Amino acid sequence: MGQHPDDMFGDENYPAYTIGQAAEMVGSTQDFLRRLDEAKLINPHRSGGGHRRYSRYQLRLAARARDMVDQGTALEAACRIIILEDQLEEALRQNEKQQRGAQRQD
């Protein structure tokens with residue numbers, strides 16, 4: 001049995017948006033989103049028919065990339081910066097979680 005629609009749309013990783021909707025929401029072109037896929041910043045879900053579907057999380061990444069490109073950063077550099085920032089944020093989150101666990105064991 002599938003998820004309830006309210007659960008799916010509350011999930012920031014649920015691929016709810018078509019490429020046209022995503023481009024409009026990000027303020028970019030569909031080609032720009034395809035280029036982000038090629039640069040491996042985002043990997044949109046593919047529908048049964050092969051159409052790209054984007055999550056809110058992916059749209060936030062795309063908007064960050066668009067802002068950086070608009071400010072003059074090369075697309076590939078913007079994508080790499082965003083990927084590294086996200087990896088650092090996740091590492092910091094994991095470190096904090098481990099430190100909290102260690103403190104509880106003391």
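With which side chain does the side chain of Arg52 make a polar contact? The partner is the side chain of Asp37, at 3.5 Å, where a polar contact is a pair of N or O atoms within 3.5 Å, and within protein one must be able to donate a hydrogen and the other to accept it, while residues adjacent in sequence count only if both atoms are side-chain atoms. This is a predicted model, in which local features need pLDDT of at least 70 and side-chain atom pairs count only at pLDDT 80 or more, whereas totals for chains, interfaces and linings use all residues. Residues are numbered from 1 along each chain as its sequence is written, and side-chain values use heavy atoms, with hydrogens and water left out.

**Arg52**
- Arg52 lies in strand 3, strands being DSSP runs of E with at least two residues and helices runs of H or I with at least four, numbered from the N terminus.
- Beyond its neighbours within four places in sequence, Arg52 is in contact (heavy atoms within 4.5 Å) with residues including Tyr17, Arg34, Asp37 and His45.

**Helix 3 against helix 4**
- Helix 3 (residues 30–38) and helix 4 (residues 56–70) pack at about 105°, their axes 11 Å apart, and are therefore roughly perpendicular (65 to 115 degrees).
- Phe32, Leu33 and Leu36 of helix 3 meet Ala62, Ala65, Arg66 and Val69 of helix 4 in this contact.

**Helix 4**
- After helix 4 comes Gly72, with a positive phi near 105°.

Notes: Axes fitted to C-alpha atoms, helices over the stretch in contact; angles between N-to-C directions. Parallel < 35°, antiparallel > 145°, perpendicular 65-115°, else oblique.
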